[in-house]
Amino acid sequence: MQTRKLGNLGLEVSAIGYGCMGLDFGYGPPTDRKQAIAQIRAAFDAGVTLFDTAEVYGPYTNEELVGEALQPFKGKVTIATKFGFDLTPAMTVTPGPRGVNSHPDNIRKVCDESLRRLRLDCLDLFYQHRVDPKIPIEDVAGTVADLIKEGKVKYFGMSEAGAATIRRAHAIYPVTALQSEYSLWTREIEAEILPMVQELGIGLVAFSPLGRGYLAGKIDETARFATGDIRAGQPRFTPEAIIANRPMVDLLTHIAAEKQATPAQIALAWVMARKPWIVPIPGTTQPHHLAENMGALDVTLNADDMARMETAIADITIMGGRYTAAQQATVGL
């Protein structure tokens, strides 16, 4: 397995990670538990060493699943989890956008509970899931730094944060990884965030590198999303947007034919070709899609390929935001 370094403190992970969220949260009914465990272990067998989860996924159930699945491989994998959402009892049963909570006491509470659910003695990578505007980021970074000193956390990460906030946090304790959505149809971070994390030596973990499945070319305007599937309410997954954004899939299909690959593999190869410190974390519930995703490591996009794709992309306008307005309100603070 090819590996990549995240940050400057020694974290090295597989070049492609595995996003565990969709196994039981966010994309419809949960996968059968035995099948989900088998899928996670198949990813490990394929060479994946970075597995991503969060307390909010479920809530809680995804961490429990990941903890059980990866317990036999303790010390051989990097498990990333996250704090920062408000999971009061009322919010655990209410669908829709959640509030944020990065109070130091809550960070400590989440750390201890995540350790228990994940069956770990130390969290490998602990992200702030969303910035909490009520809590100075210096207090957040300082709290995680204390947890690192106490041996409960190894590396500090942030998710969907803005450049100024990342700089302030990094000044208190080095940020090892930023997790943000990044793909061929979600490139907002290129203007300011990517140059900044390169300057500071922060790795990027790219979630939804396949555009929540759209860039794999299997979703058309007839798609009907199951109850609990986050795409059902997202602007890019209306029938009109699905049709309007088809040129991006057509481009991927064309390049895939040239490379004897699939559109999903080209989409993942493009993300990895952008920078050597970017690690995509596609998630899937299907063994054949897992194998397909790992096949992206065998796809080479050279400078000419990337330039040709960039020229074609310049003529493509993406319809629809990636989030609803309420969801977007917590991003980039």
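Where is Pro 59 found? I started my notebook with this one, and I kept in mind that the model is predicted.

**Entry 1**

I looked up Pro 59 and landed in the loop between β4 (50-52) and α2. The peptide bond that joins Gly 58 and Pro 59 is cis, with omega at about -5°.

**Entry 1: two positive phi values**

Next I looked for positive phi in residues other than glycine. I noted Arg 212, with phi near 55°, and Gln 260, whose phi is also near 55°. Are they buried or exposed? I checked each in turn. Arg 212 lies in the loop between β9 (203-207) and α8 (239-244). Its relative accessible area is 8%, and buried means under 20%, so Arg 212 is buried. Gln 260 belongs to the loop between α9 (246-259) and α10 (263-274). Here the relative accessibility is 78%; exposed means over 50%, so Gln 260 counts as exposed.

**Entry 2: aromatic rings**

How many aromatic pairs does the structure hold? I found nine. I reminded myself that a pair of aromatic rings is described by the distance of the centres and the angle of the planes. For Phe 44 and Phe 73 I wrote down 4.0 Å centre to centre and 15° between the planes. Planes under 30 degrees apart count as stacked, so this pair is stacked. The two partners come from distant parts of the chain, 29 residues apart. Phe 44 sits in helix α1 (residues 33-45), while Phe 73 is in the loop between α2 (61-70) and β5 (78-83). I also noted that Phe 73 is buried, with a relative accessible area of 14%.

Which residues do ring pairs link into a cluster? My list reads Trp 185, Tyr 214, Phe 225 and Phe 237.

I moved on to strand β6 (residues 123-128), where I found Asp 124. Asp 124 is buried, with 8% relative accessible area. What does its side chain reach? I traced the side chain of Asp 124 to the backbone nitrogen of Ile 79, at 2.8 Å.

Leu 120 lies in the loop between α4 (104-118) and β6. With a relative accessible area of 15%, Leu 120 is buried. I then compared positions: Leu 120 and Gly 75 are 45 residues apart along the chain, and 9.6 Å separates their C-alpha atoms.

**Entry 3: a cavity and a pocket**

I searched the whole structure for cavities of 30 Å³ or more and got one. The largest cavity holds about 30 Å³ of space. Which helix gives the most to its lining? I found helix α11 (residues 287-294), with three residues.

My last stop was the second largest pocket, whose volume is about 210 Å³. I counted 15 residues in its lining. Nearest its centre lie Ala 161, Ile 189, Ile 193, Val 331 and Gly 332. The classes in this pocket's lining come out as five nonpolar, five polar and five charged residues.

Definitions and conventions:
Residues numbered from 1 in each chain as written. Predicted model: local features only at pLDDT ≥ 70, side-chain atom pairs only at ≥ 80, totals over all residues. Heavy atoms only, no water. Phe/Tyr/Trp six-rings, centres within 6.5 Å; stacked < 30°, edge-to-face > 60°. Helix = DSSP H or I, 4+ residues; strand = E, 2+ residues; numbered from the N terminus. Buried < 20%, exposed > 50% of the residue type's maximum accessible area, 1.4 Å probe, protein only. 1 Å grid on protein atoms, 1.4 Å probe; cavity = no way out; pocket = protein on both sides within 12 Å on 5 of 7 lines; lining within 4 Å. Points joined across faces, edges and corners; volume = space filled by probe spheres on them. Nonpolar A, V, L, I, M, F, W, Y, C, P; charged D, E, K, R; others polar. Polar contact = N/O pair within 3.5 Å; in protein donor to acceptor, adjacent residues only side chain to side chain.
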